[in-house]
Amino acid sequence: MDISARVDYAVRAMLILAEAAAEGSGPISIDALATRQDLPRKFLEAIFADLRRADLVVSRRGSQGGYVLGRPSKDISVADVFRAVDGPLAEVRGLRPHETEYQGVAAHLPSLWVAVRASLREVLDDTSLDDLRTGDLPDRVRELLAAPDAWRNR
């Protein structure tokens, strides 16, 4: 799985907004978001346009303006952010996994692609920004992290 820069930047910026919401500190500007995580400002503006369209963030105008979360951080999953900026969690040649079809020896491959998507959903849909911000990850995510080879390259 390739996690794009768009997704990485979006999640990092959303975590800043989640922290601001938890602290009650109000809107945060794109400049401040970019500075706090060393993100490219112009790229972040484009990402926030997608997040705004998905109702994950709300912009506030004025001298104290900026962005706030569109709903509580416990109600925004990492998958919500992923989908808002990068589309579906899993695609195979531009198709959804359940839309793929193969002949002969590869006939069962769609089942594997659907299982891969299901495992991504299990982690990303069940982990909220609040879980990630606090480090209080869902039990299943902690189980996966504790697997003997979870942190090893293969």
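1. The axes are lines fitted to C-alpha atoms, for helices over the stretch in contact, and the angles run from 0 to 180 degrees between N-to-C directions. The model is predicted: local features need pLDDT of at least 70 and side-chain atom pairs pLDDT 80 or more, whereas totals for chains, interfaces and linings use all residues. Residues are numbered from 1 along each chain as its sequence is written, and side-chain values use heavy atoms, with hydrogens and water left out.

2. Overall layout. The chain has 7 helices and 2 strands, in the order α-α-α-β-β-α-α-α-α from the N terminus. Helices (H or I, at least four residues) and strands (E, at least two) are DSSP runs, numbered from the N terminus. Along the principal axes, the C-alpha atoms fill a box of roughly 65 × 35 × 25 Å. Of the 154 residues in the chain, 36% are buried; buried means under 20% relative accessible area, exposed over 50%, and partly exposed in between (1.4 Å probe, protein chains only). Among contacts (heavy atoms within 4.5 Å) between residues at least 6 apart in sequence, 55% join residues at least 24 apart.

3. α1 and α3. The axes of α1 and α3 are 10 Å apart and the packing angle is about 75 degrees, so these two helices are roughly perpendicular. On the α1 side the contact is made by Ala5, Arg6, Tyr9, Ala10, Ala13, Met14 and Leu17, and on the α3 side by Phe43, Leu44, Ala46, Ile47, Phe48, Asp50 and Leu51. By class, this contact has 12 nonpolar, no polar and 2 charged residues. The classes are nonpolar (Ala, Val, Leu, Ile, Met, Phe, Trp, Tyr, Cys and Pro), charged (Asp, Glu, Lys and Arg) and polar (the others, Gly among them).

4. α1 and α2. Helix α1 covers residues 5–23, and its axis comes within 10 Å of that of α2, crossing at roughly 110 degrees. At that angle α1 is roughly perpendicular to α2. The crossing is right-handed; a crossing is right-handed if the near helix is turned clockwise from the far one by less than a right angle, and left-handed if anticlockwise. Arg12, Ala13, Ile16 and Leu17 of α1 meet Leu33, Arg36 and Gln37 of α2. The contact of α1 with α2 has 4 nonpolar, 1 polar and 2 charged residues.

5. α2 and α3. The axes of α2 and α3 come within 10 Å and cross at roughly 120 degrees, so the two helices are oblique to each other. Their crossing is right-handed. The contact involves Ile30, Asp31, Leu33 and Ala34 of α2 with Arg41, Leu44, Glu45 and Phe48 of α3. By class it has 5 nonpolar, no polar and 3 charged residues.

6. Aromatic pairs. The structure holds 2 aromatic pairs. Rings of Phe, Tyr and Trp (its six-membered ring) pair if their centres lie within 6.5 Å; planes under 30 degrees apart count as stacked, over 60 as edge-to-face and the rest as tilted. One of the pairs is Tyr9 with Phe43, edge-to-face because the planes are at 80 degrees, with the ring centres 5.4 Å apart. Tyr9 is in α1 and Phe43 in α3, so this pair ties together parts 34 residues apart in sequence. Phe43 is partly exposed, at 29% relative accessible area.

7. Helix α4. Val85 lies in α4 (residues 78–86) and is buried, at 7% relative accessibility. Beyond its neighbours within four places in sequence, Val85 is in contact with Arg6, Val7, Ala10, Ile47, Asp50 and Leu51. Ala84 is also found in α4. Not counting residues up to four places away, Ala84 touches Asp50, Leu51, Ala54 and Leu56. Ala84 and Leu51 are 33 residues apart along the chain, with 5.9 Å between their C-alpha atoms.

8. Backbone points to check. Asp38, not a glycine, has a positive phi of about 55 degrees. Asp38 sits in the loop between α2 (30–37) and α3 (41–53) and is exposed, at 70% relative accessibility. Asp55 likewise has a positive phi, near 60 degrees. Asp55 is in the loop between α3 and β1 (57–60) and is exposed, with a relative accessible area of 55%.

How values were computed:
Parallel < 35°, antiparallel > 145°, perpendicular 65-115°, else oblique.
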